[in-house]
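Take a moment with the sequence and the model before reading on. The paragraphs below go from the inside of one chain to the meeting of two.

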Number of protein chains: 2
Amino acid sequence: MSNTGVTAPAGFAAAGITAGIKASGKPDMALVQNLGPLQVAAGVFTRNRVVASPVKLTRAHVAGGNLHAVVFNSGNANACNGQQGDVDAQAMADKVAAALHTSVSDIAVCSTGIIGEPMPMPVVLAGVDTLVEALGDHGADAATAIMTTDTISKETQVTGDGWSVGGMGKGAGMMAPALATMLVCLTTDAVVSPALADRALRAATAQTFDLLDIDGSTSTNDTVLLLASGASGITPSEEDFTRAVFAACEQLSALMQSDAEGVTKRVSITVTGTTDDHMAAAAARTVGRDNLFKCAMFGSDPNWGRVLAAVGMAEADMDPENISVSFNGHAVCERSCGTSDAREVDLGGSNIDVVIDLGTGGPGKATVRTTDLSHAYVEINSAYTT
Amino acid sequence: MSNTGVTAPAGFAAAGITAGIKASGKPDMALVQNLGPLQVAAGVFTRNRVVASPVKLTRAHVAGGNLHAVVFNSGNANACNGQQGDVDAQAMADKVAAALHTSVSDIAVCSTGIIGEPMPMPVVLAGVDTLVEALGDHGADAATAIMTTDTISKETQVTGDGWSVGGMGKGAGMMAPALATMLVCLTTDAVVSPALADRALRAATAQTFDLLDIDGSTSTNDTVLLLASGASGITPSEEDFTRAVFAACEQLSALMQSDAEGVTKRVSITVTGTTDDHMAAAAARTVGRDNLFKCAMFGSDPNWGRVLAAVGMAEADMDPENISVSFNGHAVCERSCGTSDAREVDLGGSNIDVVIDLGTGGPGKATVRTTDLSHAYVEINSAYTT
């Protein structure tokens, strides 16, 4: 049964193949086609100012609120390739549009992999032909073909009343504020307007991918797309639809956290007791990015002093003399002072929940997901191009 | 010859001893006494809002522009110990003041080590007695006694015309924006006013320690003090004095970079081509903190794409299509595009100079010093308390 992920909702075809971009011979191209009747689409993108050529193209094409198909490749980000990169991204879109007999402005392109290497265009364009021939209920193949350092493929499905949301994603490192380095494609057979698709997608990503911060790095290629076919014929309420898109993003976000590069611990950091949610998120992010804190988590070391040292630099209202911290529900710091049994807390498991109250009594609250900083992270990232 | 570091200038006595704070039995307390005739002092401190008790005390005592002595301990930061921490820091100052027959407001206290453990006060107070008895030309002993994860003791000496600046420092990790986790004590026998001491120290730290960013973490205890005895009887020009203080800070800063936790590469990141120096420093810091970049440096991997991905998130004016990067003088990226031989650059040596031009033509320029992210860094920091 491969009818999962992006092909779980009605009205979508997909394929994933090995075109030959990756030296490893692993799958490296995917295609998702919206068979309609609607071709509604929305997208959110990296906030990095250095953006890859496919991001520029896709951002322009999705602006009108509809897409017919999305072509993906892994193994090469097509970023920092100058005008040639733009030409190559355009050629990918042109080729797909011709093969599917549609307008090039209805095609999106998503690339992920190494930055600054020219795209092997003969291989890529031949791959498009193979993809179009392979189109079918192959969501699982597509999800596999977009993997880079991911160790598991990532799919999701959320079922509504007669309609559903499906999706696939990749992302295992370089995960940061404005989206992790991720490519995500969500699909739905619900009948929705471009405006609703856009609102639901923005609301969901703000609460999921935007709060996933593995290493503070932000990619040149982050793209999250939502395609709606309307094939179910059912128009859900805005509330139901928004909730389903959120649930799909939440599932993919959790899968990305679990599979982050070199992860041995999944760390959830919740901040309360500051003025507003924005400050709480900033404080949680500051702790989540602190390498000393992350190394302590890798070592299962309940070194709460590093939480205080890190959070003291956050741009959030706090009472420095009244900060509380708990690890996995055990109070380790109260009124900015260690509890008597703070060093006894067992952090040996793979999930660590950190709750930090900044002591102002304010209603702000946010949770950021991160991971530890492990030997494997250093290993994976010390020889990526070589 | 132990008359180095803080006791190189005339008018200072120092000592370094093993009091017994550290379980390892290594030296863990130091004392620096200004014998006058002047007792001018200036200090700069961490910008962290969570500050250790000795920082609160020392900040208050140095505000008047003079100090008679500074007592140091390593092995315990006396941070996040609540009111007891304040009481203990005060007791240390009281004890030193009584032993040296001076006012407690002329005593500074500097602590470094683990956060959130009560100070072993009987050991510490007995240590003060031992220190006072040991006072002499023992700058080298003092420098050794303030080490934590440092692998070398750090001293400096800058000679003027009949006067000099000496100093010692410690700091090997948790180094970040507003000062590395560092304790630094500079001494001089020049005749200077408190106002000049303050100006020279602030100017020097802004260009040295403030631009040393090993891991983005900022300590609760960072303190840099300058003590002036006037014992040379010579009043240097403001320019000469400022230059000497800068040189002393520069030397200690370079020693800290070399000895940073787990360092295998010393990385210097210079940013040009943006609106002002502040933006250039922000951009250099963003790259220097990026874990993916730091891992690439550890792997001697000339993966310039990570420089662009990192700098694209910096709060600095840039032309995203016109960024240039060089590694050790070899152009690896021009106009935001890789050069043909970019992957051939040899980064096998222990020093890597990265120069990034943001392409706006603006006059801003700054250099940040950082290091790679190595297995040893993870190892050292994953089991600090356990």
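How many residue pairs are in polar contact between domain 1 of chain A and domain 2 of chain A? The count is two, with both residues of a pair at pLDDT 80 or more. A polar contact is a pair of N or O atoms within 3.5 Å; within protein, one must be able to donate a hydrogen and the other to accept it, and residues adjacent in sequence count only if both atoms are side-chain atoms. pLDDT is the predictor's confidence in each residue, from 0 to 100.

Some ground rules come next. This is a predicted model, in which local features need pLDDT of at least 70 and side-chain atom pairs count only at pLDDT 80 or more, while totals for chains, interfaces and linings use all residues. Residues are numbered from 1 along each chain as its sequence is written, chains are lettered from A and ligands numbered from 1 in the order in which they are written, and side-chain values use heavy atoms, with hydrogens and water left out.

Start with the two domains of chain A. Domain 1 covers 12-256 and domain 2 covers 266-383. These bounds come from an automatic or database domain assignment. The C-alpha centres of the two domains lie 33 Å apart. Twelve residues of domain 1 and twelve residues of domain 2 make the contact, meaning heavy atoms within 4.5 Å. About 1000 Å² is buried between these domains, and carbon and sulfur atoms give 46% of that area. Buried area is the accessible area (1.4 Å probe) that two parts lose on being put together, summed over both.

One salt bridge is counted between the two domains of chain A. A salt bridge puts a side-chain nitrogen of Lys or Arg within 4 Å of a carboxyl oxygen of Asp or Glu. The side chains of E250(A) and R369(A) also meet in a salt bridge, at 3.1 Å from N to O.

Now turn to the backbone. In chain A, the peptide bond from G36(A) to P37(A) is cis, with omega near 15°. P37(A) sits in the loop between β2 (29-34) and β3 (40-45) of chain A. Helices (H or I, at least four residues) and strands (E, at least two) are DSSP runs, numbered from the N terminus. In chain B, the bond from G36(B) to P37(B) is cis, with omega near 15°. C80(A) is not a glycine, yet has a positive phi of about 60°. Its loop runs between β4 (69-76) and α2 (82-99) of chain A.

Next, the two chains together. In contact are 59 residues of chain B and 59 residues of chain A. The area buried between them is about 4600 Å², with 56% from carbon and sulfur atoms. Four salt bridges are counted between the chains. R343(B) forms a salt bridge with E117(A), with the closest N and O atoms 2.8 Å apart. The interface of chain B and chain A also has 16 residue pairs in polar contact. On the side of chain B that touches chain A, α10(B) gives the largest share, six residues.

How far can the model be trusted? Chain A averages a pLDDT of 90, and 94% of the residues score at least 70. Over residues 174-180 of chain A, pLDDT stays under 50. Where pLDDT is low, the predicted coordinates should not be read in detail. For the complex, the predictor gives an ipTM of 0.74 and a pTM of 0.77.
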